[in-house]
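Biologist: I would like to learn how to read a protein model. Could you take me through some features step by step?

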Amino acid sequence: MQVSQRPVIVLDRVTKVYPLPAGDVVALNNISLTINEGEFVTIMGPSGSGKSTLLNQIGCLDVPTSGDLSLNGRDVRAMNDRELTDLRLTTIGYIFQKFNLIPLLTAYENVEYPYLMKHRKNDDTGHVRRLLSQVGIDEALATHKPPELSGGQQQRVAIARALVNDPAILLCDEPTGNLDSQTGIQIMEVLAGLHRRGRTIIMVTHERDIAAYAERTITIRDGRVA
Amino acid sequence: MIGKDILFRLSVRSVRLHLLRSILAALGIVIGVVAIAAMGMMGANMTLSVTEDLSKMANILVVRAYTGGGGGFIGPGGGGSRVVGSSQASDEEMITEDQFRDIDRIAGSYGTVYYVYTQSDTIEIGDRRGRATIIGLDPDVVPEILELADGEYPKSTTSVVIGPRLVDRFALKLGSKLDIGDPDEGTTTTVRVVGILPERGMTLDLNTDSAIIGSDKLYTGIYGGEGEYDQVTIAVDNLDEVATVKEEILAQLNRKEEEVTVQDSSRILESITSTLSTMTSFVMAIAGISLMVAAVSIFNVMMMSVTERVREIGILRSIGTQKSDVRRMFLYEASILGLVGGGIGAVMSLVIGYMVVLGMVGTTEFFFAGESLWYIPFAMAVGITICIISGVYPAWQASNLDPIEALRAE
Ligand SMILES: Nc1ncnc2c1ncn2[C@@H]1O[C@H](COP(=O)(O)OP(=O)(O)OP(=O)(O)O)[C@@H](O)[C@H]1O
Ligand SMILES: [Mg+2]
């Protein structure tokens, strides 16, 4: 395993403020950090400390209130919605805490969806099927819709979906949070395998043994790197 | 292509998921499409039917005395051109015997020329009273210009032929007797029905459906005014010569001053079709209001769909769906409602339109003509367009949801 020193994610004094009627919530406060290509990083911290908010900034779901964020050397704050959306489609794979599968689509279609959005044609290479079998979803299960799948199965589908466009960066928000420990370990094995093949992975967790899969742990408290 | 589009698949499934609600919303479109198509077809069929009636009259020229203004074009009996009691009135310009002779000299070789006396009057059959148009004609021309449905042509001054509406209205038959004139105001004249005319509908020369037609002697015997004709009609044998005849009459009789006007069917046709098209546009606009109501319900259903699918929109956006694609997805949904509503509406238009045309126009002879059927795709297109327009704002709103906020929705 080889970790290059090329920075893919650079945060420079990133601050995120949510203006609320009861007063502003400073979710991220002056965060600066650099993540290199191929790194496996976990983010830990108590509930409400800003972990998801941080991941959302890196995942281009949100833009910082102030400070600079660059992905692969490109300034995120200078991008428009179309470019940010395109980045989410092609460069970033996001595995959500709540799976976030599309309920009207089958498992197969859920995984195929980002592929269709990117290539504007059906997958005729068997790529989607391969990914599904890699995460342990067989052909029969692939025809089920998310509500008919167990939590662990849904999470595997979500992982396959996050990988379908071969993203450079994989973001995971408590990927094992809703799973029993046995299933959690299986999911972590999948992530570890991806890391071995050179993916940059950033994972939020509050479980120490899960964090142990990573090379580096960043701890956040009250929106600051502790 | 579109069937393979995953966004289209999502829209179809979303519509299916809320089938009842979607059908109810589409029902409004069905009603609107049917209303517009049926009204449009009714107008088209009326126009086609009038056009056909009048084109049968293309060889007819009607000469009337010049009255100064444009002059009404409604033929005799179209509501009573004169009122009983003022029959001798000189305020009304008439065609004189001399003028008639001139016209006959000019046009006689081109076809049949005949004069017409006409009057609206009270009639009495037994103890029932009503009104009818009394027409006096030269008995020699009657067989030439009128066909009979039943009976024979009048031979004496007390025999008449009558129009089919009078037959229906007063339950008359061959041999029935009727009195012309108001018994309260003076003498009446009793005549006998010897012939019944077929329905002729809208005509240019003589509107006979509610008329009593007798000899000129019978007419002048009742009303006087011999040699003062209400109109002179020319049935030209050869269509190509209609314009020539018209021009010659105008040139010769109006040489010194305007004495007569000559009408042909083309001007009347123009005027009637333009009236009909105004009327059709008006009823279609009213039918269009039902589509406005439908638009509101489509809008409502689309807004509900957006609200229910906020989280799904958040997911779609977060995994890289462009705003334009989200918009497209909701516009698909609106289009599906429009296509379903418009499609069902089109099929029902065929049935309901047929019934409306049968009821309002009386004939479905022209129902399958292009001018008539054209209103079905037209109404369908209007319905679908209205649906899509109703979907624009909801789609726009969906596409502008903030992904983070949308994902937090439960
Ligand atoms: N969209 C939002 N609007 C307003 N406040 C928000 C929003 N998102 C997050 N916050 C606030 O920002 C702070 C950080 O939230 P965040 O979700 O990042 O925490 P977290 O570390 O992921 O917590 P958890 O472990 O419970 O998931 C919290 O105080 C939260 O209430
Ligand atoms: Mg969180």
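Biologist: Which residues are linked in a network of salt bridges?
Modeller: First the idea: a salt bridge is a side-chain nitrogen of Lys or Arg within 4 Å of a carboxyl oxygen of Asp or Glu. Here A:R120, B:D5, B:D325 and B:R328 are linked in such a network. One of its pairs is B:D5 with B:R328, whose closest N and O atoms are 2.4 Å apart. That pair links distant parts of the chain, 323 residues apart: B:D5 is in the segment before α1 of chain B, and B:R328 is in helix α10 of chain B.

Biologist: Before we go on, how should I read these labels and values?
Modeller: Residues are numbered from 1 along each chain as its sequence is written, while chains are lettered from A and ligands numbered from 1 in the order in which they are written. This is a predicted model, where local features need pLDDT of at least 70, side-chain atom pairs count only at pLDDT 80 or more, and totals for chains, interfaces and linings use all residues; side-chain values use heavy atoms, with hydrogens and water left out.

Biologist: Is B:D5 buried or exposed?
Modeller: Buried means under 20% relative accessible area, exposed over 50%, and partly exposed in between (1.4 Å probe, protein chains only). B:D5 has 13% relative accessibility and counts as buried, whereas B:R328 is partly exposed at 24%.

Biologist: How many salt bridges does the structure hold over all chains?
Modeller: There are 25. In one of them, A:R216 pairs with A:E39, with the closest N and O atoms 2.9 Å apart. A:R216 lies in strand β9 (residues 216-221) of chain A and A:E39 in the loop between β2 (25-36) and β3 (40-44), so the pair ties together parts that are 177 residues apart in sequence. A:R216 is partly exposed, with a relative accessible area of 28%, but A:E39 is buried at 9%.

Biologist: What does A:R199 meet in a salt bridge?
Modeller: Its partner is A:D166, at 2.3 Å from N to O. A:R199 sits in the loop between α7 (181-196) and β8 (200-204) of chain A, and A:D166 in the loop between α6 and β7, 33 residues away. A:R199 is buried, with a relative accessible area of 11%, and A:D166 is exposed at 55%. A:D166 also has a positive phi of about 55° although it is not a glycine.

Biologist: How do I read the contact between the two chains?
Modeller: Contact means heavy atoms within 4.5 Å. The one here takes 27 residues from chain B and 27 residues from chain A. Buried area is the accessible area (1.4 Å probe) that two parts lose on being put together, summed over both; for these chains it is about 2500 Å², 57% of it on carbon and sulfur atoms. Four salt bridges are counted between chain B and chain A, and A:E109 and B:R13 meet in a salt bridge through their side chains (2.7 Å, N to O).

Biologist: Which helices of chain B each supply at least two residues of the side that touches chain A?
Modeller: They are α1 (6-17), α9 (310-318), α10 (323-360) and α13 (403-408). Among the contributors, α1(B) gives the most, with seven residues.

Biologist: Now a single helix, please. Which residues of α3 in chain B are buried?
Modeller: The general idea comes first: an α-helix has 3.6 residues a turn, so residues three or four places apart point the same way. In helix α3 (residues 97-107) of chain B, the buried residues include B:Q99, B:F100, B:I103, B:I106 and B:A107. They cover an arc of only 125° around the axis, which puts them on the same side of α3(B); the arc is that of the directions from the helix axis to the C-beta atoms. On the other side of α3(B), B:D98 and B:R105 are exposed.

Note on methods:
Helix = DSSP H or I, 4+ residues; strand = E, 2+ residues; numbered from the N terminus.
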